Structures are given as structure tokens and as C-alpha cells.
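Visitor: I have a few minutes and a new model to look at. Can you walk me through it?
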Amino acid sequence: MASTTSGKIAEFRRLLANARSVLVLTGAGVSAESGVPTFRGSGGLWRQYRATDLATLTAFNRSPSLVWEFYHYRREVVRTKQPNKAHIALAEAEKRFEKEGKRFNVITQNVDGLHRKAGSKNLIEMHGNLFVVRCTSCNFIEENTSSPICESLRNRGLPDENGPEIDEKDLPHCRKCRSLLRPHIVWFGEQIWNDVLEKIEKEIQLCDLFLVVGTSSVVYPAAGYASLLSERSILVAEINIETTPSTSIANYHFHGPAAQILPQLLSTNVN
Ligand code: APR
Ligand code: ZN
């Protein structure tokens, strides 16, 4: 059963100090205070669509123009956002743990790249990254931070403006084989890449303290990690502004915004 926040922070900090291998799973809530909209809260709609309707291969095959407009918009929004105190607390904790010869890893479901921007290095972006593209034909993958990603998307993708379809030949193309590019993101109905799953499996095996931050814990496989670890008697702590399916299995539930709670849990200069 989860404990309430008050009085439990000091207790948690003592447990953290003794941990040898910390694993953190983050979701959209960790970026909420940077101004990146979450998926399932308000602000989850773009035009009349839910993000979950556009983040699919079916939607892309039906209209690569529409899906590229959506991703172009998200790239342009996220580009303006900065890591918040939650991202920074995680990046600093990683450095401190490494210095002490201990493990500290972050698995994120977020595609906004804000953990990278904050300086996290032991990072698994399990759903990909908005600023990485993949060729639909030859599978070439590369980082692409261009703004706009191609000329035809300039000033497009606005949530309240429905322009004409962009011809496929004018959408982003592979510089190796000239085929259509897509965002290197795991869409609904797609499998997480095997190399990523292997890395996650390794961290799950090694971890002795698991922190679940700002995720609704409904999208698998990430939603299953807390119960998997709890069954192995690994300490599980959750930070969220609401309760989730992970709350009842967590040893600690810290109720509140990640940018406020994480620094209290992780930083050294808190009394
Ligand atoms: N601090 C902590 N938690 C917060 C905050 C905050 N400031 N703001 C919101 N939250 C919590 C919400 O209560 C919710 O539980 O963050 C969670 C956000 O949930 P979702 O929007 O469902 O995001 P996430 O869990 O990351 O979604 C998982 O689903 O849509 C797909 O692939 C997409 O990676 C995404 C995955
Ligand atoms: Zn190609």
C-alpha cells in the first residue's frame, strides 16, 4: 500500500542513498511543467484528432501529409521548450550516482528530447524522438533538427488551420534513397525496437529501486514494469498528480508535480 507524501520524503531519501542501481520511468507528466501537452489530459487534441489517432501507421499510410503536419507542429512546439526542474534533478542525480560508482538510468516514454537537453546520458527513449527520422524504405535513421523539416511544411500544422494536402514528393525524403521519411517514433500498434527492449530488460534485472514519474501507466509494456518489479520485491515509488494503476502497488506515492517533488527526493542540498 502506498504511503502518503508527508513525512515519507526523508525515509525515501535514506533508501535512495543505499540503492546501487536506480531505474526511473518517465512519462508525459515530467514534461508538463515545461509546457509540453500530455497525451490524455486536456490539450491532447490536435485539430479534431486525438494524438492516438494520428500516431499510427494506418494514419500515415492514409495521409502522410496530415501525419507530417502533426509531427511538424509538435517538433516546432517542443523546440521552444526547456527542461524543467524534474529533468534537471534526474540529470544531476545520474552524475552523482556515477561518481559514486552506482547505476542511475532513465527510461522515458517521451519523444520530446528534454531529458537529453537536460544532460541525461544513461537514457533510453523507448518510444523514439521527435527529432529523429527513419526512411520508410531503406530504414536509414538520423537525427534531424531542421526547422521546418522541409519547405512545404513551413507555416503548416497549425491546430486551427486546415490547408490542402501536401504532395508526397514534397514531404521529407531520405538522403540515401529518396524515399519518404517518417518520424522515428513507436506508433500505436507497433512493436518497440528489439535493441531497446534488450536494454530495458537489462536495467530491469539490475535495478534495486524503481521510480515511476508522470505516466498514466496505461500503455504497455512500460505500464507493466512497476508490478513486475514489485513482484520481485524491488522498492517502487511513484510521483504523479493523480492516482494511476501503479499507485496501489507502489511502496511510496508522492502526490504532486514532478518538478516540485523530484528535486526534494533526489537533490543533495535538501534538509
Ligand atoms: N507532475 C507529475 N505528473 C503529472 C504532471 C506533473 N506536473 N502533470 C501530469 N501528470 C501525470 C498525469 O496525472 C498522468 O498520469 O502524467 C501522466 C500523463 O499521462 P499520459 O498523458 O497518458 O502520458 P504517458 O503516460 O507518458 O503516455 C504513455 O502513451 O500516448 C502514448 O506513446 C505515447 O509515450 C506515450 C504513452
Ligand atoms: Zn532511404
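Guide: Start with the largest pocket. Its lining has 39 residues, and Ala28, Phe39, Arg40, Thr215 and Ser216 lie nearest its centre. Keep in mind that this is a predicted model.

Visitor: What volume does the largest pocket have?
Guide: About 760 Å³.

Visitor: Which helices and strands supply at least two residues each to the lining?
Guide: α2 (29-32), α5 (64-79) and β10 (235-240) each do.

Visitor: And how does the lining of the largest pocket split by class?
Guide: There are 19 nonpolar residues, 15 polar ones and five charged ones.

Visitor: Which domains does the lining draw on?
Guide: Domain 1 (1-36 + 83-127 + 192-271) and domain 2 (39-80 + 129-185) each give at least three residues to the lining of the largest pocket.

Visitor: Let's switch to the metal. What coordinates the zinc ion (ligand 2)?
Guide: Four cysteine SG atoms, from Cys135, Cys138, Cys174 and Cys177, at 2.3 Å.

Visitor: Why is the arrangement around the zinc ion (ligand 2) called tetrahedral?
Guide: Because the four donor atoms subtend angles of 99 to 116°. The tetrahedral class asks that all angles lie between 85 and 135 degrees. For reference, the ideal angle for four tetrahedral donors is 109.5 degrees.

Visitor: How are the donor residues of the zinc ion (ligand 2) spaced in sequence?
Guide: As C-x2-C-x35-C-x2-C. Within that pattern, Cys135 and Cys174 link distant parts of the chain, 39 residues apart. Cys135 sits in strand β6 (residues 128-135), while Cys174 is in the loop between β7 and β8.

Visitor: Are Cys135 and Cys174 buried or exposed?
Guide: Both Cys135 and Cys174 are buried.

Visitor: On to the backbone. Where is there a cis peptide bond?
Guide: One joins Ser147 and Pro148, with omega about -5°. Pro148 lies in the loop between β7 (141-143) and β8 (181-185). Another cis bond joins Tyr220 and Pro221, where omega is about 5°. Pro221 belongs to the loop between β9 (209-213) and α9 (225-231).

Visitor: Where do I find Asn155?
Guide: In the loop between β7 and β8.

Visitor: Is Asn155 buried or exposed?
Guide: Exposed, because its relative accessibility is 64%, and the exposed class begins over 50%.

Visitor: What about Ser217, buried or exposed?
Guide: Ser217 counts as buried, because its relative accessibility is 6%, and buried means under 20%. Its place is the loop between β9 and α9.

Visitor: Back to the loop between β7 and β8. Where does Asn162 lie?
Guide: In that loop, between β7 and β8. Asn162 is exposed, with a relative accessible area of 61%.

Visitor: How many Å separate the C-alpha atoms of Asn162 and Gly119?
Guide: 37 Å. Along the chain, Asn162 and Gly119 are 43 residues apart.

Visitor: Now His127. Which loop holds it?
Guide: The one between β5 (123-125) and β6. His127 counts as buried, at 14% relative accessibility.

Visitor: What separates the C-alpha atoms of His127 and Phe188?
Guide: A distance of 10.0 Å. In sequence, His127 and Phe188 are 61 residues apart.

Visitor: Last one, Trp187. Is it buried or exposed?
Guide: Trp187 is buried, with 2% relative accessibility. Look for Trp187 in the loop between β8 and α8 (194-206).

How values were computed. Residues are numbered from 1 along each chain as its sequence is written. Chains are lettered from A and ligands numbered from 1 in the order in which they are written. This is a predicted model: local features need pLDDT of at least 70, side-chain atom pairs count only at pLDDT 80 or more; totals for chains, interfaces and linings use all residues. Side-chain values use heavy atoms; hydrogens and water are left out. Helices (H or I, at least four residues) and strands (E, at least two) are DSSP runs, numbered from the N terminus. Buried means under 20% relative accessible area, exposed over 50%, partly exposed in between (1.4 Å probe, protein chains only). Donors are N, O and S atoms within 2.8 Å of the metal (3.2 Å for Na, K and Ca); water is not among the atoms, so sites may look incomplete. Four donors count as tetrahedral if all angles lie between 85 and 135 degrees; four count as square planar and six as octahedral if opposite donors are over 155 degrees apart and all others between 65 and 115; anything else is irregular. On a 1 Å grid over the protein atoms alone, a cavity is a set of points where a 1.4 Å probe fits but cannot get out, and a pocket is an open set with protein on both sides within 12 Å along at least five of seven lines; lining residues have an atom within 4 Å of a point. Grid points are joined across faces, edges and corners, and a volume is the space filled by probe spheres set on the points. Ala, Val, Leu, Ile, Met, Phe, Trp, Tyr, Cys and Pro count as nonpolar, Asp, Glu, Lys and Arg as charged, and the others, Gly among them, as polar. Domain bounds come from an automatic or database domain assignment.
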